[in-house]
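Please examine the structure shown below.

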Amino acid sequence: MSATTRRLTTAQALVRFLSAQYSERDGVRRRLVAGTWGIFGHGNVAGIGQALVESADVMPYHQGRNEQAMVHAAVGYARQLNRLSAQAVTTSIGPGATNLVTGAALATVNRLPVLLLPGDYFASRVADPLLQQLEHPVSADVSVNDTLRPVSRYFDRVTRPEALIPSALNAMRVLADPAETGAVTLALPQDVQAEAYDWPEEFFAERVWYVRRPAPDPVELTAAVEAVRAARRPLIVAGGGVHHSEAEEALRAFVDATGIPVASTQAGKGSLRHDHPADLGGIGHTGTAVSDELARTADLVIGVGTRYTDFTTASGTLFRNPDVRFLNLNITGFDAHKLAARTLVCDARTGLERLTEALAGHRVDEAYTAGYRAGKERWEGVVETAYRADDDTAVPTQTQVLGALDAVVGDEDVVINAAGSLPGDLHKLWRSRSPRQYHLEYGYSCMGYEIPAALGVQQAAPGTPVWALVGDGTYLMAPTEIVTAVQEGLPVNLVLIQNHGYASIGGLSEETGGERFGTAYRYRADDGTFTGAPLPVDLAANAASLGMDVLRAKTVRELRDALAEARASDRPTCVYVETDPTPTAPPAEAWWDVPVAEVAAREPAVRARERYDSQVAGRRRHL
């Protein structure tokens with residue numbers, strides 16, 4: 001024990017410790033845990049809650065309405081700041097804690113840092129069972145917080161005050177580690193939170209966690225250079241790691257030097273500006289025609305910071321060249337080794353810089369360059385057609401909504417979405433103008449992410465116009481953080497699109513033989529189907545009741561005016577528009593595997609299975 005100690009409760013010590021933690025990369029230092037979201041109940045109100053009162057001068061507090069949404073807000077914050085700063089989330093015992101699970105899974109799937117501080121049962125077990133306790137008949141040490149173990153990158157239950165010291169240090173290590181980061185959970189028994197202890201003063205000293213930029217291994221680098229030089233039709237797949245590493249300039253320099261084109265995942269879109277001649281847009285099931293055409297003939301696929309999800313690989317059917325090989329540059333060996341690739345396990349920016357140096361003078365053939373540039377130009381025509389509205393007085397389609405927004409935003413604006421039919425349209429059509437503009441959460445594709453994430457982005461980048469694009473299905477799941485936006489004075493913009501149902505899953509249901517069952521918001525008919533009139537639900541009135549300024553737009557012209565007015569406002573503003581459901585987005589350029597019933601009595605499912613069998617035959621395991 002240090003000669004100098006400070007007597008504090010465990011909760012007080014934790015908050016003071018967190019306020020002294022910093023991250024640093026490239027000489028830029030930030031608070032590692034910059035604030036705490038919280039909803040209080042028994043289990044944290046008298047522990048963490050009391051500690052936050054005492055430490056209000058060093059630990060900002062933000063009041064949430066839904067525990068899952070608080071995690072989404074913290075994730076949006078961390079992503080906007082390239083994982084260099086995070087936020088904490090504190091909840092009560094029981095349902096408050098289990099409401100964190102979805103948000104924690106989203107954070108860990110997307111490799112984004114968030115610190116979770118759920119209350120837990122009495123470590124002393126003097127009150128047993130207590131309110132909201134799950135009693136396990138054979139494992140007395142189990143609590144509902146154990147549901148957070150599989151979705152956390154680090155988990156500990158702090159059952160004694162002194163156990164906080166190694167646990168808190170490990171939590172910071174994981175939050176700041178670019179290869180390990182994700183959700184970190186410290187479960188805090190309510191009696192331990194309030195228990196006093198003589199803490200060593202060193203525990204509260206400022207501590208800097210350096211975010212590494214590991215360089216590639218020389219042997220791996222040599223092999224990578226040989227692979228690139230040998231390729232005739234190489235293609236880069238840019239993932240979220242490009243943004244997390246702030247490697248956009250390094251990627252552009254590499255592309256300018258070599259002429260190798262870039263296709264982007266949902267997380268990687270914006271790695272190159274949309275008008276760069278080598279930027280081909282999205283790849284995979286929701287990709288552009290030019291990206292997917294090149295992917296089918298590529299002989300070398302260079303993955304930079306990507307996880308290669310099934311949307312990116314078209315469920316293993318996209319990369320069809322018999323001789324295709326993969327070169328993966330990733331900070332985690334786990335992701336780098338996917339698809340039996342040659343590996344460069346390193347920081348994205350450092351790795352791209354070393355590759356550019358080692359490939360000095362190497363360029364792809366001019367005929368290849370001319371070919372993909374012509375394909376890019378053809379796709380631009382597709383985008384223009386989808387965005388164009390020939391009649392300003394007509395009800396807009398969903399793609400015309402995106403076109404109207406495209407005409408209003410500036411380079412600095414951030415556009416947020418996560419689920420439904422919008423991610424596909426955005427991936428194909430959106431013209432990203434800056435690295436941070438395109439903010440799609442598609443690792444977990446979680447309905448309800450958009451509004452709270454917009455709050456986190458606004459906190460991370462004050463003064464930045466932030467747009468949450470939300471369909472009626474998502475809005476009905478999680479509109480509550482509108483109240484938080486009003487309370488915190490965060491002028492986020494909500495584009496609320498009403499199409500009376502689950503549009504994306506409805507289309508998937510039809511494609512797979514489900515006949516759109518259960519996907520429309522309509523009255524139930526006498527035969528049990530939902531084929532009646534649309535429900536008389538006024539989502540705009542609901543948003544207004546929660547404190548937002550609401551602008552209703554019925555035509556394309558009114559929509560453009562409303563979007564411009566919202567962008568100029570300094571208040572949380574909702575632009576509400578009911579869209580024409582006529583499909584205007586270009587169809588999928590690649591397959592996605594959703595298994596169809598092998599036997600069925602109804603004809604739509606039988607036909608869907610026939611289509612499925614023809615597609616699945618093209619799947620390939622890359623070995």
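How much space lies in the second largest pocket? In this predicted model, the second largest pocket holds about 300 Å³ of space. Its lining comprises 19 residues, and those closest to the pocket centre are Y121, F122, R125, A140 and D141. By class, the lining of the second largest pocket consists of eight nonpolar, five polar and six charged residues.

The largest cavity has a volume of about 160 Å³. A set of 19 residues lines the largest cavity, and K269, D279, G281, E380 and W430 are the ones nearest its centre. Several elements of secondary structure take part: strand β14 (279-282) and the helices α15 (366-387) and α17 (422-429) each contribute at least two residues to the lining of the largest cavity. Of the contributions to this lining, that of α15 is the greatest, at four residues. The lining of the largest cavity divides into seven nonpolar, six polar and six charged residues.

The second largest cavity contains about 40 Å³ of space. Its lining is formed by V15, L18, T36, I48, L52, M59 and L117. Helices α1 (10-18) and α2 (48-54) each provide at least two of the lining residues of the second largest cavity. In this lining six residues are nonpolar and one is polar, while no charged residue is present.

The discussion now turns to the packing of two helices. Such a pair is described by the angle between the two axes and by the distance between those axes. Helix α8 (residues 218-230) packs with helix α14 (residues 348-358) at an angle of about 60 degrees, and the two axes are 10 Å apart. Angles of 65 to 115 degrees count as roughly perpendicular and those under 35 degrees as roughly parallel; α8 and α14 are therefore oblique to each other. The crossing in which α8 passes α14 is right-handed. On the side of α8, the contact is made by L221, A224, V225 and R229, and on the side of α14 by R354, L355 and A358. The contact of α8 with α14 involves five nonpolar and two charged residues, with no polar residue.

Definitions and conventions. Residues are numbered from 1 along each chain as its sequence is written. This is a predicted model: local features need pLDDT of at least 70, side-chain atom pairs count only at pLDDT 80 or more; totals for chains, interfaces and linings use all residues. Side-chain values use heavy atoms; hydrogens and water are left out. On a 1 Å grid over the protein atoms alone, a cavity is a set of points where a 1.4 Å probe fits but cannot get out, and a pocket is an open set with protein on both sides within 12 Å along at least five of seven lines; lining residues have an atom within 4 Å of a point. Grid points are joined across faces, edges and corners, and a volume is the space filled by probe spheres set on the points. Ala, Val, Leu, Ile, Met, Phe, Trp, Tyr, Cys and Pro count as nonpolar, Asp, Glu, Lys and Arg as charged, and the others, Gly among them, as polar. Axes are lines fitted to C-alpha atoms, for helices over the stretch in contact, and angles run from 0 to 180 degrees between N-to-C directions. Angles under 35 degrees count as roughly parallel, over 145 as roughly antiparallel, 65 to 115 as roughly perpendicular and the rest as oblique. A crossing is left-handed if the near helix is turned anticlockwise from the far one by less than a right angle, and right-handed if clockwise. Contact means heavy atoms within 4.5 Å.
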